[in-house]
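Colleague: I would like to learn how to read this model feature by feature. Where shall we begin?

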Amino acid sequence: MKSSSSSAWLRANFHRHETKLASLLLVLGIALAVAAPRFFSSVNLALLARSMGVLLIVSVGMLNVILAGGIDVSAGAVLAVVSVLMVRLGNHGLPASAVLPLGLLTGAALGAVNAALIAELRIPPIVATLGTAGLFRGLLLEWTQGEWESSIPAWLNSIGSPRWGGLDASVLAAVVVALATAWVLHRTQIGRALFRYGDSPLAAVRTGISPRQPIYFAYISLGALTAIGAVFYAAQLGAVQGNAANGYELTVIAAVVLGGADILGGRGSLLGTFLGVLLLCSLQQALVLLHVATFWQNIATGAIVLLGVILSAAPRLRRRPVLQQSPSA
Amino acid sequence: MPPPSLLEINAIWKYYGATAALRDVSASLRAGEILALMGHNGAGKSTLVKILAGSSQQDSGKISVEGKTLTGGVRKARDAGIAVIYQDLSLFPKLTVAENIAGEPIGRLRYSFRAAKRSAAATLDRVETNSPLLACLDRNAEDLSLAMRQRVAIARALTYDSRILILDEPTAALSLQDTDHLLTYVRKLAAAGVGVLFVSHRLSDVRRIADRYLVLRDGAVALSTTPSEVSGNALALAMFGADEVNGAVKPDHASNQMGKGVLHDVFTVQNVTRHGEFNNVSIKLRAREIAVLTGLTGSGRTEFAESLVGLRRLDHGELQISGKLLRLSGPRSAMQHGLVYVPEDRLRSGLFLRRSTAENLAGATEHLRARFGFLGKDTDKTAAGISDFGIRCQGPDSTLETLSGGNQQKVLLARWHMAKARILILDEPTAGVDVSAKAEIHNRLREWAAAGAALLVISSEMDEVLDLADRVLVFHRGTLVLNCQRREIDREQLMAAMLHGDTKIEQERAQPGGGA
């Protein structure tokens, strides 16, 4: 945003959703500085960053899907499938150089299944992914018979271990993923096609955008990013099982929506999603730090998501078209 | 020989199911020419536009641009230089004006906002000097007024160096001033060598701008001619398909209702206005009378009808039933006065397609029958409704989507008959139903009126107006320009009122408010 003066910049950005989220974060930060100054210790901040990595990676994928006017409730199941698969293969002695690409391919393939159901069979996304969520999870449980993989390969363990002042590789990966996706969304044709298709599928098709391409791109990218998330998910936990990440997709969707993405598609930003993830994770972390009971954590999380959505809807409720008078010819 | 054709349309046929939407349509367009494509609703205009835009394929026939055959797909059509501005504009509301205008560059991976903005600004500069859009390139399209959004759509169409510009009903929603601006602008484009296909049913606009006319009726070319060879009158006749060219006065179809006793006013509409939609309209609906309201799409008739039952709030004016002032909060309170509106789009806003016929019949009366909120089945009434209205279905439990369009419409009418509606406002009650169902519906409406109801039917179909009406009302650009007995008017006067807002034929630009 280039502007001659900072006040103009402020005016232009004052009503942006990201500004409101940042204010919300600021309020939370001030409250925490008073109530739990320990929150800002370097150890705790590193912990916060590590807790954000996986969620941010998957949320960025979900942002792609939601921008294109879709939704994916199978993300948690995909995360479980890929993490169990990778740990099992690793435990059987397959090297990281084989396991990681296989995991990535699996994630992308499961995303492609979702995309095919939606783009080819024209099944509404919520129904298609609800179906595949049950399918993926069921097949995984059948395969594992409910058994835990209670140890993980050494290379995976080292991926998850903290270094660089308490940060681990998931933080680095999240930063790379976020920057790369930001570039794709704003600097490539396919990225803009996601916005266009999600905004108005009819107008998109009429301007020559393929009705399939954005859907495949969105769901395959979500699948692949979920697979990347699965690597760190397994690495951080040190053990996985078939019921892993149950309901995780709801946290992911909450983060993206809190980040200002329009659930109907066409509107949303990577910065917003980042702030959404940051807000959710900070809140969780703070409540743990304050020894708040788990159910209160749920209540607080639910409330903040609703608050975020109301904030993002507020300007649309009040909006009146500008330039109502047409300028004289 | 005239200059070679830019666009050649050759013997196009297009079927939807068994019905032919286009029948052997041929036409041509030269560079710098403005060809008006005209026709009434359902004449095949939009089908032809879709085929030219590449979003729909013809079943047979050929389209060529500068001698090269055009095949398949929106991108192919665009590459060939065809740009379409749809009636709904097809913009991306949540994206910026710049992004909307810059459109979808072809064949490059990279995208740049700065380049998009530059290209949008360049396009706007090319289009007009000092375009007001230059100041709002960063705004979202949804924040702009309709006229401005239309300019965005035009600019977008011109981004691709299009040589063939198709405008689908561009003036339908514009004010007079915006219309003037648009027409001037289209002329300028044509002068620069663009071939323009101007789709419209607004005769006044077309006569100001077109070099040639192409009139479609029932999917076939009804007339292809130049302004010097044809009068406005003949154009209108080609659009509407009158059999009797000189509009011999039909004898009053039946019954002048006078014979049946004194007509008394049931529903009085007094000086009602909704700004921008309709202006100072007064009518009276009488028991045992069918009044038919007509006018072109966009003339405000549907908005007017919706206001009568409280779906839209009136800015001025009042409604009375049998002399008592009516205050309506919505359709439900209207219903309590026996006043019912049957919308045009019955599938979306009239019927419950996935529910049974019985439930649909009961739809309006349930809350009247319910005891303490509990419902019982009223089998006798349902059966009576089905037989009275000759509804053909697999019994009362069949879901409504299994019924034909005509039978669905009968269900809707039967519902309100069972609800004992006294004043009915029916918007296009026979749209999309077959001929025999239409005749049945007409008979039912006449019986209904004869039994004492007051009916206001909205129809765009000339024959239906002339056939069904005891009284004829015509809207033109939000004004009631005609209100008279059916026998006082002939087909030509009716057409003139619809097209010009005046019953005097051959008057080019009638003032709204004249006539009647």
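Predicted model: local features only at pLDDT ≥ 70, side-chain atom pairs only at ≥ 80, totals over all residues.

Colleague: How many residues of α12(A) are buried?

Modeller: A residue is buried if 20 or more other C-beta atoms lie within 10 Å of its own, exposed if 12 or fewer, and partly exposed in between; C-beta atoms are placed from the backbone. Helix α12 of chain A spans residues 248-258, and ten of its eleven residues are buried. Among them are A:Y248, A:E249 and A:V252.

Colleague: What angle do α4(A) and α12(A) make?

Modeller: Axes are lines fitted to C-alpha atoms, for helices over the stretch in contact, and angles run from 0 to 180 degrees between N-to-C directions. Under 35 degrees counts as roughly parallel, over 145 as roughly antiparallel, 65 to 115 as roughly perpendicular and the rest as oblique. Helix α4 (residues 75-91) of chain A packs on α12(A) at about 125°, with the axes 6 Å apart. The two helices are therefore oblique to each other.

Colleague: Which residues of α4(A) and α12(A) meet?

Modeller: Contact means C-beta atoms, placed from the backbone, within 7 Å. A:A75, A:G76 and A:L79 in α4(A) meet A:Y248, A:E249 and A:V252 in α12(A).

Colleague: Why does A:F136 count as buried?

Modeller: A:F136 counts as buried because it has 22 C-beta neighbours inside 10 Å. Its place is in helix α6 (residues 125-144) of chain A. Neighbours within four places aside, A:F136 touches A:S74, A:A77, A:V78, A:V81 and A:L110. A:F136 and A:G76 are 60 residues apart in sequence and 9.7 Å apart in space, C-alpha to C-alpha.

Colleague: Turn to chain B. In what order do the six strands of the open sheet run?

Modeller: Strands of a sheet pair through backbone hydrogen bonds, either parallel or antiparallel. Here pairing needs at least two DSSP bridges between two strands. The order in chain B is β6-β7-β8-β3-β9-β10, with mixed pairing. β6 (82-85) and β10 (220-225) of chain B are the edge strands, each pairing on one side only. Five bridges join β7(B) to β8(B), which run parallel. B:L165 stands opposite B:V196 in β8(B). Helix α8 (residues 232-240) of chain B lies across β3, β9 and β10, at about 30° to β9(B).

Colleague: Which residues touch the most other members of the largest nonpolar core?

Modeller: A nonpolar core is a set of buried Ala, Val, Leu, Ile, Met, Phe, Trp, Tyr and Cys residues joined through C-beta atoms within 7 Å. This one holds 252 residues, and B:I166, B:V196, B:F198 and B:L455 touch the most other members. Helix α11 (residues 213-237) of chain A supplies the largest share, 17 residues.

Colleague: How many residues does each chain give to the contact?

Modeller: Chain B gives 31 residues and chain A gives 26. On the chain B side, α6(B) gives the most, with four residues.

Key. Residues numbered from 1 in each chain as written. Chains lettered and ligands numbered in written order. Contact = placed C-beta atoms within 7 Å.
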